[in-house]
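User: I would like to learn how to read a model such as this one, feature by feature. Could you take me through it?

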Amino acid sequence: MDWQDISGNWVLVPPRPTAIVHFLGGAFVAAAPHVTYRRLLERLAVQGYVIVATPFVNTFDHTTIARTVLQDFDRALEILHTKMLSKRYLPIYGIGHSMGCKLHLLIGSLFSVERSGNILIAFNNFSARNAVPLVEQFSPVFAVEFTPSPLETNQLIAKSYQIRRNLLVKFTNDTIDQTTVLTDVLQNRFPGMVVAQTLPGNHLTPLGPDVNWQAGTVFTPFDAIGQWVRQEVYRELHQLERTVLRWLDPLASLS
């Protein structure tokens, strides 16, 4: 599988696709998701998920970003079904990390979309003042805030969010995670439909390109060390991958 640029999205299409994943990354790493989240996304693709990772540049207007990434995704989906996936039905899941969670929540609250579920990893809903420490210096006269604000976002989700099935993931060493508040909001809206899990790791655990250690024709002690380092570096990310894949398909056989 090779990454393809389709209508501004980075796309992976496995040989026998079973579902489609729309991926949105964090605020400062979302411009090149096929690079910054490469290992996670390629692992999902190996398991049969078409990956549509939509880049975006953060601004204060999160509603407009949500609308734009949805439009980009819909254009890619139309091309995929026309040229590569035929017209057969494939379920669609949203996966977001950090700010990407907020965008999926806005998409599911403001627009009419069909999703089989959303996976929200390390949800972040900070105010502009907390997210951008110098924001007051940018605008000393007017109070600058994200649109919608954190409070408005939670109220919108509580009233209008449409996606019933959700997996929420938080990490043990994440000081900027706000998943607990979101869990309460979603459980009140869809009792019994929300799964919340806490995994070892931090806010950056989902990030990282894969590092393939290629052993030579003779397996040496250096190869053993290289593989051990790779396993340790990606231990927490591997646990996240397994958690996501098991929620997507509890009957899947995972290595």
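Analyst: What follows goes from confidence to the sheet, then to the helices and a few single residues.

User: How should I begin with confidence, and where does pLDDT stay under 50?

Analyst: This is a predicted model, and its mean pLDDT is 88, with 85% of the residues reaching 70 or more. The stretch where pLDDT stays under 50 is residues 221-230, for which the model has 15 contacts beyond four places in sequence.

User: How many helices and strands are there in the protein, and what share of the residues is buried?

Analyst: The protein has 10 helices and 8 strands, and buried residues make up 50% of its 255 residues. Its accessible surface comes to about 12,700 Å², of which carbon and sulfur atoms hold 56%. Among the contacts with a separation of 6 or more, 76% are between residues 24 or more positions apart.

User: How do I read the sheet, and what is the order of its strands?

Analyst: As a general idea, strands of a sheet pair through backbone hydrogen bonds, either parallel or antiparallel. Here the sheet is open and has 8 strands in the order S1-S2-S4-S3-S5-S6-S7-S8, with mixed pairing. Strand S1 (4-6) and strand S8 (194-202) stand at the edges, and because each has a single partner strand, one side of each is left without a neighbour in the sheet. Averaged over the sheet, neighbouring strands are turned by 25° against each other, direction ignored.

User: Which strands run parallel to S7?

Analyst: Strand S6 (residues 117-121) runs parallel to strand S7 (residues 166-173), and 4 bridges join the two. Within that pairing, Leu120 has Leu168 in S7 as its bridge partner. S7 is also joined to S8 by 7 bridges, again in parallel, and there Val169 stands opposite Gln197 in S8.

User: Which helices pack on the sheet?

Analyst: Helix H4 (residues 99-110) packs on the sheet and touches strand S3 (19-24), strand S5 (92-97) and S6, its direction making about 140° with that of S5. Helix H10 (residues 235-248) also packs on the sheet, where it touches strand S4 (49-53), S5, S6, S7 and S8, and its direction makes about 165° with that of S8.

User: How does S4 sit in the sheet, and are its faces covered or open?

Analyst: Both faces of S4 are covered, since Tyr49, Ile51 and Ala53 on one side and Val50 and Val52 on the other are all buried; in other words, 5 of its 5 residues are buried. Strand S2 (residues 9-12) runs antiparallel to S4 and is joined to it by 3 bridges, with Val11 opposite Val52. S3, in turn, runs parallel to S4 through 5 bridges, and in that pairing Ile20 stands opposite Val50.

User: How do I judge the packing of two helices, and at what angle do H3 and H4 pack?

Analyst: The angle between the axes is read together with their distance. Helix H3 (residues 62-83) and H4 pack at an angle of about 80°, with their axes 9 Å apart, so that H3 is roughly perpendicular to H4. On the H3 side, His62, Thr63, Ile65, Ala66, Val69 and Leu70 take part, and they meet Met99, Lys102, Leu103, Leu106, Ile107 and Leu110 in H4.

User: Which residues of helix H2 are buried, and what follows the helix?

Analyst: In helix H2 (residues 38-46) the buried residues are Arg39, Leu40, Leu41, Arg43, Leu44 and Ala45, and the helix is followed by Gly48, whose phi is positive, near 105°.

User: Why is Ala45 counted as buried, and what does Ala45 touch?

Analyst: A residue counts as buried under 20% relative accessible area, and Ala45 is buried because its relative accessible area is 1%. Leaving out residues up to four places away in sequence, Ala45 touches Met1, Leu12, Pro14 and Ile51. The C-alpha atoms of Ala45 and Ala19 are separated by 9.7 Å, although the two residues lie 26 apart along the chain.

User: And where does Thr183 lie, and is Thr183 buried or exposed?

Analyst: Thr183 lies in helix H8 (residues 179-189), and Thr183 counts as buried because its relative accessibility is 9%. Beyond its neighbours within four places in sequence, Thr183 is in contact with Leu168 and Ala196.

Definitions and conventions
Residues are numbered from 1 along each chain as its sequence is written. This is a predicted model: local features need pLDDT of at least 70, side-chain atom pairs count only at pLDDT 80 or more; totals for chains, interfaces and linings use all residues. Side-chain values use heavy atoms; hydrogens and water are left out. pLDDT is the predictor's confidence in each residue, from 0 to 100. Contact means heavy atoms within 4.5 Å. Buried means under 20% relative accessible area, exposed over 50%, partly exposed in between (1.4 Å probe, protein chains only). Accessible areas come from the Shrake-Rupley method with a 1.4 Å probe; for residues, only the protein chains shown count as cover. Two strands pair if DSSP finds at least two bridges between them. Axes are lines fitted to C-alpha atoms, for helices over the stretch in contact, and angles run from 0 to 180 degrees between N-to-C directions. Angles under 35 degrees count as roughly parallel, over 145 as roughly antiparallel, 65 to 115 as roughly perpendicular and the rest as oblique.
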